[in-house]
Amino acid sequence: MRFLRAAAAAALFAVSAQAQTPPAALAQLGPEGAEIVDAGGTVVLTVPLSQAVPWRVAASDGPPRIIVGFGDLVWSELPGIASQSVAEVQVSKPEAGWSDLSLLLREPLSVASAEMATAEDGTALLEVRMLPTTAEEFRRNAQPSDSKEIFGSREASERRLVVAIDPGHGGIDPGAVAVDLIEADLVLAAARRLKEVLLRTGRFDVVLTREEDAFVSLEARLTTARSAGADVFLSLHADALEDVDGSASGITVYRLPNEAAETADELLATRHAPDDLLKGVDLTGAGDDVALALLHIARRDTSPRSHALQRMLIEAFRSSGLQVNSRPERVGAFSVLKSAEIPSVLIELGFLSSDKDRERLAKAGWQDEAAMAVSEALLRWQDEDRLRAEVIDE
Ligand SMILES: [Zn+2]
């Protein structure tokens with residue numbers, strides 16, 4: 001077997017990656033190193049990682065290559081090549097948190113599968129399996145030749161979405177308590193992991209409505225989100241609700257029902273400080289009726305966006321193989337979902353009343369997978385939301 005290290009790759013290899021992002025957010029290559037091998041007609045790329053990171057795979061023409069993009073990964077060593085199909089590997093300089101691993105091909109390959117598995121100790125392994133294909137088929141699947149368009153510059157030029165993560169309960173309010181788990185602690189840990197995963201994509205700014213085990217009122221949570229300019233609000237819970245048959249389990253996502261939104265607007269218009277009603281709108285001096293009308297207008301836009309986010313989250317949880325509830329899409333009149341202008345959902349990560357859920361929720365690997373699914377859903381939602389906004393603007 002031949003084991004090549006391309007000289008050209010060394011020139012592209014960036015050693016300054018560490019200087020660009022805080023060390024806590026960076027993943028390292030696993031000690032066994034990445035490699036590309038021929039395995040019975042299949043070309044297999046394996047990349048062991050100290051923790052799960054966002055990733056993407058694409059084929060690109062001119063020269064023909066397979067590109068695997070990683071969010072904030074430190075490349076301490078290039079992958080070893082033990083495959084007849086791959087001539088060279090290159091790692092691009094990180095851009096907007098992403099670095100691209102390019103496999104320059106001797107013969108056209110198509111990606112048959114690509115999967116990142118997270119182990120219980122939090123380490124992860126990306127495996128990409130590639131099969132020989134025709135040049136014509138390769139060209140059909142290939143992206144435009146500039147890989148930066150695929151991975152880097154798009155993220156860099158976009159305004160980052162501001163995500164408010166709201167870990168439920170805290171302080172004197174522990175939330176649900178079951179056996180050895182306390183909801184308030186669990187959702188705070190999950191919120192911190194989610195924050196880290198979102199920051200690593202380079203596509204989000206994140207604010208937490210509470211950073212520690214302290215009581216924070218629902219009003220204060222919304223004010224924190226609003227003053228951070230949040231574009232989206234995610235409340236995390238893991239309650240001990242029982243279904244009629246006492247077997248509720250899996251992830252459930254709630255949005256505010258329309259009736260509750262109407263009532264919320266009326267209460268908001270009459271009870272709130274006028275400068276705290278709508279992000280960026282000072283309603284000082286405006287009558288309750290004007291405030292109410294503006295809230296209704298904002299809500300007409302926000303409600304369908306919350307609904308879309310709810311559906312995409314459930315889809316992402318499902319496709320990540322995470323256990324979702326038998327009826328995962330629900331409505332609930334939770335006060336924390338009532339802001340008129342910020343699309344908001346409440347995620348029940350599981351039920352502390354369920355033995356199976358308790359076991360799952362406590363695992364760091366599970367929390368990472370859930371965080372990655374939320375990240376995927378938010379990226380999709382942001383893309384579709386932007387398209388939707390463009391259609392409305394025209
Ligand atoms: Zn709760």
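Residues are classed here by relative accessible area, with buried meaning under 20%, exposed over 50%, and partly exposed in between (1.4 Å probe, protein chains only). The model is predicted, and local features therefore need pLDDT of at least 70, while side-chain atom pairs count only at pLDDT 80 or more and totals for chains, interfaces and linings use all residues. Residues are numbered from 1 along each chain as its sequence is written, and side-chain values use heavy atoms, with hydrogens and water left out.

The zinc ion is coordinated at 2.0 to 2.2 Å by His169 (NE2), Glu183 (OE), His237 (ND1) and Asp239 (OD), donors being N, O and S atoms within 2.8 Å of the metal (3.2 Å for Na, K and Ca), with water not among the atoms, so that sites may look incomplete. Along the sequence, the donor residues follow the spacing H-x13-E-x53-H-x1-D. Glu183 in helix 6 (residues 183-200) and His237 in strand 16 (residues 232-237) link distant parts of the chain, 54 residues apart, where helices (H or I, at least four residues) and strands (E, at least two) are DSSP runs numbered from the N terminus. Glu183 is buried, because its relative accessibility is 0%, and His237 is likewise buried, at 11%.

The structure holds 15 salt bridges, each defined as a side-chain nitrogen of Lys or Arg within 4 Å of a carboxyl oxygen of Asp or Glu. In one of them, Arg358 meets Asp355 at 2.7 Å, N to O, both residues lying in helix 10 (residues 355-361), three residues apart, or about one turn of the helix. Within this pair, Arg358 counts as buried at 14% relative accessibility, whereas Asp355 counts as exposed at 55%. A further salt bridge joins Arg380 and Glu384 (3.2 Å, N to O); because these residues stand four apart in helix 11 (residues 364-393), about one helical turn separates Arg380 from Glu384. Arg380 is partly exposed, with a relative accessible area of 35%, and Glu384 is also partly exposed, at 38%.
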